[in-house]
Amino acid sequence: SSGINAEYGDVKMINVSGTMYLVDFDLFKGYSDTLLGNPGRLEAFYVAQRNEYFFERQKHIFAAVLRFYTHDEELVCPPCIPKAVFESEIEFYGLQKYCQQNTIAPVRTLKDYRARNRREEILLHLEFPGYSKLATAYALFDLLMIIIRYMQILYIDILHLSFLLKCLHFTALSFWLWSQFLN
């Protein structure tokens, strides 16, 4: 894989779901047991045509992953990300052995704790249809609403087409009658 040889080391582009990161890969040295520190595993994500590494992953969590390499191996989950999603991403990048109990952003009060748990539950229900029966029901309802909307659009298009055909038929009939009148 190619990179930009800069005075700061081996700088390469990482694309995480459309967010671009220009990263000095020297940061990952010493972490060969992680995805980003293992060139052999990382090569599977290299896109030669764009000269970048591409990950279809959670971009907000990737910022926390980069922070791990630059801030004394500290993994901190962003407050808006459910713990289960964060842990899944950490496992993907091979950082689970570096996780500690303090991987979740600190919560100051019981009210904050309850709000965070509710927010995590709602996000899990919305993002993962298989999370629970409620999440599955919501996903099916959402799909039904999309289908109904497309049917409405299709019905309006059919009515519009029907109106145009009637106008065309009326115009053709008018021309025929007018030609009959003139003859």
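A charge sits over a ring if NZ of Lys or CZ of Arg is within 6 Å of the ring centre and within 35 degrees of the ring normal. The model is predicted, with local features needing pLDDT of at least 70 and side-chain atom pairs counting only at pLDDT 80 or more, while totals for chains, interfaces and linings use all residues. Residues are numbered from 1 along each chain as its sequence is written, and side-chain values use heavy atoms, with hydrogens and water left out.

| Charged residue | Ring | Distance from ring centre |
|---|---|---|
| Lys 12 | Phe 25 | 4.8 Å |
| Arg 50 | Phe 54 | 5.6 Å |

Phe 25 also belongs to one aromatic cluster, together with Phe 28, Tyr 31, Tyr 46, Tyr 53, Phe 68 and Tyr 69. Rings of Phe, Tyr and Trp (its six-membered ring) pair if their centres lie within 6.5 Å; planes under 30 degrees apart count as stacked, over 60 as edge-to-face and the rest as tilted. The count by this rule is 14 aromatic pairs. One of them joins Phe 68 and Tyr 69 edge-to-face, at 5.0 Å centre to centre with 80° between the planes. Phe 68 and Tyr 69 are both buried (under 20% relative accessible area, 1.4 Å probe, protein chains only).

Lys 12 and Phe 25 also line the largest pocket, where they lie nearest its centre along with Leu 36, Pro 39 and Leu 42; the lining has 14 residues. A pocket is an open set of points on a 1 Å grid over the protein atoms alone, where a 1.4 Å probe fits, with protein on both sides within 12 Å along at least five of seven lines; lining residues have an atom within 4 Å of a point.

Technical notes
Buried means under 20% relative accessible area, exposed over 50%, partly exposed in between (1.4 Å probe, protein chains only).
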